[in-house]
Amino acid sequence: MGKKGQANDRSPQRRTPVAGDPDAEMVKGTMDMMILRTLVGGDAHGHTIAKVIERTSEDVLEVEQGSLYPALHRLEDRGWVSSYWGASENNRKAKYYRLTATGRKQLVRETTRWRQMTRAIGLVMGDETQTEGGIG
């Protein structure tokens, strides 16, 4: 995993904002799915959710508070996550988010849709072996 600001085997490394940048619309549409996926690992507060997404993406994605917290509130309004107050690692008051059963079902739907879309885009871009008569 590369660290922020360090080059690795991908050059040039560019962090992609998850929201706020017109070039990030596709990624922006996946914020809910990434939050739900992160919460499969257990309850977490916002800062931890953002760091897990960033770390798991090898620091390619940058989760900004201005997009994270509205997404968390939206997920809570939809009943996909619930929240409660607890003490953080440094003993400060923090709001923790938990994946609900409805959220788990939504994650399965979103993951299925994501895989269909990425496969279809890969086929168009020639990333996967084509069937008979294709470019292969």
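This is a predicted model: local features need pLDDT of at least 70, side-chain atom pairs count only at pLDDT 80 or more; totals for chains, interfaces and linings use all residues.
Biologist: Which residues of α2 and α3 meet?

Modeller: From α2 come M34, I35, T38 and L39, and from α3 come I49, V52 and I53; contact means heavy atoms within 4.5 Å. By class, that contact has six nonpolar residues, one polar and no charged ones. Ala, Val, Leu, Ile, Met, Phe, Trp, Tyr, Cys and Pro count as nonpolar, Asp, Glu, Lys and Arg as charged, and the others, Gly among them, as polar.

Biologist: And what makes α2 and α4 roughly perpendicular?

Modeller: The axes of α2 (residues 31–39) and α4 (residues 65–77) come within 10 Å and cross at roughly 75°, so these two helices are roughly perpendicular as well. M31, D32, I35 and L36 of α2 meet S67, L68, A71, L72, R74 and L75 of α4. The class count for that contact is seven nonpolar, one polar and two charged.

Biologist: How many helices and strands does the protein have?

Modeller: Five helices and five strands, in the order β-α-α-β-α-β-α-β-β-α from the N terminus on. Helices (H or I, at least four residues) and strands (E, at least two) are DSSP runs, numbered from the N terminus.

Biologist: How do you know that the span of α5 agrees with its 25 residues?

Modeller: Helix α5 covers residues 101–125, and at 1.5 Å a residue it should span 36 Å; the expected span is 1.5 Å times one less than the number of residues. The end C-alpha atoms of α5 are 36 Å apart, so the two values agree. Just after α5, G126 takes a positive phi of about 80°.

Biologist: Why is E54 called buried?

Modeller: E54, found in helix α3 (residues 46–56), has a relative accessible area of 4%. Buried means under 20%, exposed over 50% and partly exposed in between (1.4 Å probe, protein chains only), so E54 is buried. The E54 side chain reaches the backbone nitrogen of V63 at 2.9 Å.

Biologist: Which residues of α5 are buried?

Modeller: G103, Q106, L107, E110, T111 and G122. Their cover includes α2 and β5 (93–99). In the protein, 34% of the 136 residues are buried.

Biologist: Is D59 buried or exposed?

Modeller: Its relative accessible area is 10%, so D59 is buried. D59 sits in the loop between α3 and β3 (61–62), and its phi is near 65°, a positive value in a residue other than glycine.

Biologist: Then what makes N91 count as exposed?

Modeller: Its relative accessibility is 66%, so N91 counts as exposed. N91 lies in the loop between β4 (81–87) and β5. Its phi is positive, about 65°, although N91 is not a glycine.

Note on methods:
Residues are numbered from 1 along each chain as its sequence is written. Side-chain values use heavy atoms; hydrogens and water are left out. Axes are lines fitted to C-alpha atoms, for helices over the stretch in contact, and angles run from 0 to 180 degrees between N-to-C directions. Angles under 35 degrees count as roughly parallel, over 145 as roughly antiparallel, 65 to 115 as roughly perpendicular and the rest as oblique. A polar contact is a pair of N or O atoms within 3.5 Å; within protein, one must be able to donate a hydrogen and the other to accept it, and residues adjacent in sequence count only if both atoms are side-chain atoms.
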